[in-house]
Amino acid sequence: MKRIDTKDAVGHVISHDITEIIPGKFKGRAFKKGHIIKEEDIEKLLRLGKEHIYIFEIKEDELHENDAALILGKIGCGEYVYLSEEIKEGKIDFYAEVDGLLKVDKEKLFELNMLGQISFATLPENIPVKKGEKIAGARVIPLIIKKAKMESAAQITSHKLIDVKQFKKMKIGIVTTGSEIYHKRIVDKFGPVVEKKVTEYNCDVIGQIVVTDDKEMIKDAIKTHINNKADMVICTGGMSVDPDDLTPSSIIELGGELVSYGSPVLPGSMFLLSYLDEIPIMGLPGCVMYCKKTVFDLVLPRVLSGEKLSMEDIMRYGHGGLCQDCDICRYPNCSFGK
Ligand SMILES: Nc1nc2c(c(=O)[nH]1)N[C@H]1C(S)=C(S)[C@@H](COP(=O)(O)OP(=O)(O)OC[C@H]3O[C@@H](n4cnc5c(N)ncnc54)[C@H](O)[C@@H]3O)O[C@H]1N2
Ligand code: MOO
């Protein structure tokens, strides 16, 4: 490494991006790696606190931070993920190519960061992300890093660390249970909530069947939706402890695989998920009708991404499963479901 006084640096090449930060106004690259220093740059470099310019010789067994960032890009960039066109200040960014569910191999990400000298940060997995949204960023810590370190990094996983699973456009059947709705004693307020939430994901509601608290009627309604080619059936009402709450037992009696009746999510403890011939059948508790976000908002995007959830997936929600019920909901940018 050769050190040159900035005042004498005209004609020399800058070996890494140089950052300028003016709090509240600007944070970004003031000089790009490779820039040839001109007379008029000297004053600005001095204002950025650069009294010296360093000329680095990168040895055979070393890599520049920008080349290392490219390797991190390759390690991370999976399905429906794209990289920033340019590496700035040694950092590469990852973006979602489509609306979908973010998947991160958290264990491999941890192993990668445990190598040291690497900073690879992502959004939490299993959240819905929008096309064009930044989902991760990565860089190495030193300006020059050993090639061997980056080779170890590349060997951590044979698959990519980050994928976005594109949402499927599903056909949804709704079964609304409750004698009070069936006999028109009150107006259905649940159906519109479910419809709004699924249409936000571009799904179609193929029908809503209203039934009273009667097991045969509930089961028939679910089967009717399946016969009508529903990709998912969502039941509302009758999910709790009253002996007249028959929705869970009706779904269970239909057979198939019960993933869970009950979830460690508040609101949403009385949630049910099962699969009948691979078709997800959900039982939504009353809270979904009136709470901003519930277990339904956590599970729905995962099901729409084509993922088949297990009991473990549901039980893992316990940590982070308590919604803070903020006045202005910021989900998914909060701790709920993380
Ligand atoms: N003693 C206990 N009480 C409750 C428990 C419990 O474990 N022990 N669980 C609570 C939880 S959690 C929930 S969530 C609620 C109710 O869940 P349900 O899904 O069983 O809801 P319902 O009993 O069917 O109805 C409750 C309430 O909501 C009205 N409702 C239902 N469906 C509609 C609709 N489509 N449109 C308009 N209004 C609807 C219904 O008329 C009732 O007023 O139970 C807690 N209690
Ligand atoms: O299932 Mo309840 O939803 O926790 O309010």
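**Domain arrangement and helix packing**

The C-alpha centres of domain 2 and domain 3 are separated by 37 Å in this predicted model. The domain assignment divides the protein chain into domain 1 (2–55), domain 2 (62–165) and domain 3 (171–318). Where domain 2 and domain 3 touch, five residues from domain 2 and five residues from domain 3 take part in the contact. On the side of domain 2 that touches domain 3, two residues are nonpolar, two are polar and one is charged.

Two helices, α2 and α4, were examined for their packing. Helix α2 spans residues 65–76 and helix α4 spans residues 147–155. Their axes lie 10 Å apart and form an angle of about 10°. Angles under 35 degrees count as roughly parallel, and α2 and α4 are therefore roughly parallel to each other. From α2, the contact involves Ala68, Ile71 and Ile75; these meet Met150, Ala153 and Ala154 in α4. By class, this contact of α2 with α4 comprises six nonpolar residues, with no polar and no charged residues.

A further annotation comes from UniProt, where an unreviewed entry lists residues 173–305 as "domain: MoaB/Mog". In the model, the C-alpha atoms at the ends of residues 173–305 lie 18 Å apart. For domain 3, the bounds given by the domain assignment are 171–318, whereas the UniProt record gives 173–305 for the annotated domain.

Terms used:
Residues are numbered from 1 along each chain as its sequence is written. Chains are lettered from A and ligands numbered from 1 in the order in which they are written. This is a predicted model: local features need pLDDT of at least 70, side-chain atom pairs count only at pLDDT 80 or more; totals for chains, interfaces and linings use all residues. Axes are lines fitted to C-alpha atoms, for helices over the stretch in contact, and angles run from 0 to 180 degrees between N-to-C directions. Helices (H or I, at least four residues) and strands (E, at least two) are DSSP runs, numbered from the N terminus. Angles under 35 degrees count as roughly parallel, over 145 as roughly antiparallel, 65 to 115 as roughly perpendicular and the rest as oblique. Two residues are in contact if their C-beta atoms, placed from the backbone, lie within 7 Å. Ala, Val, Leu, Ile, Met, Phe, Trp, Tyr, Cys and Pro count as nonpolar, Asp, Glu, Lys and Arg as charged, and the others, Gly among them, as polar. UniProt positions are given in the numbering used here, feature names are shortened, and annotations may be inferred rather than shown by experiment. Domain bounds come from an automatic or database domain assignment.
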